[in-house]
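Student: Before I use a model of this kind, I would like to learn how its features should be read. Could we go through them one at a time, beginning with confidence?

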Amino acid sequence: MESSTLTTKGQLLVPKRLRIKYGIQPGKRIALVESKQGILLRPMDESFIDQFVGKYKNSAPSSKEVKTWKKTDKKLEDRPVKRKHQ
């Protein structure tokens with residue numbers, strides 16, 4: 001069993017062994033899932049997102065499509081803005 005201490009800013013360190021085992025890298029989103037036993041931390045990877053598709057599997061975009069959309073949006077956000085001088 002691993003343990004960690006919550007900081008005054010509400011931050012929690014995930015031990016290195018667990019970060020490596022579950023592929024949690026800097027910048028990775030983590031879901032906090034409430035259960036009867038307490039709080040479950042889950043990396044928000046493709047399998048986590050795909051579990052919510054359920055009966056809408058054929059109509060909802062795949063996690064791969066969502067990733068592509070995000071990459072496209074990021075490229076658009078990062079490009080320089082051309083402004084017209086008045």
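Student: Which element of the chain has the lowest mean pLDDT, and which the highest?

Tutor: Where pLDDT is low, the predicted coordinates should not be read in detail. This model is predicted, and among the elements of its chain the lowest mean pLDDT, 69, belongs to helix α2 (residues 46-50), while the highest, 91, belongs to helix α1 (residues 16-21). The chain as a whole averages a pLDDT of 80, with 83% of the residues scoring at least 70.

Student: In what order do the elements of the chain run?

Tutor: The chain has 3 helices and 2 strands, and read from the N terminus they follow the order α-β-β-α-α.

Student: How many of the residues count as buried?

Tutor: A residue is buried when its relative accessible area is under 20%, and of the 86 residues of the chain 8% count as buried. The chain exposes about 8700 Å², of which carbon and sulfur atoms supply 55%. As for contacts with a separation of 6 or more, 2% of those in the chain are accounted for by residues 24 or more positions apart.

Student: Which residues make the nonpolar surface patch?

Tutor: The patch, of about 600 Å², is made by L6, L12, I30, L32, I39 and L41, and strands β1 (30-35) and β2 (38-43) each supply at least two of its residues.

Student: Is I39 buried or exposed, and why?

Tutor: Exposed means over 50% relative accessible area, so I39, at 65% relative accessibility, counts as exposed; I39 lies in strand β2.

Key
Residues numbered from 1 in each chain as written. Predicted model: local features only at pLDDT ≥ 70, side-chain atom pairs only at ≥ 80, totals over all residues. Heavy atoms only, no water. Helix = DSSP H or I, 4+ residues; strand = E, 2+ residues; numbered from the N terminus. Buried < 20%, exposed > 50% of the residue type's maximum accessible area, 1.4 Å probe, protein only. Contact = heavy atoms within 4.5 Å. Areas by Shrake-Rupley, 256 points an atom, 1.4 Å probe, with all protein chains shown as cover. pLDDT = per-residue confidence, 0-100. Patch = residues over 30% accessible without salt bridge, like charges linked within 9 Å, V, L, I, M, F, W, Y side chains within 5 Å. Salt bridge = Lys/Arg side-chain N within 4 Å of Asp/Glu carboxyl O.
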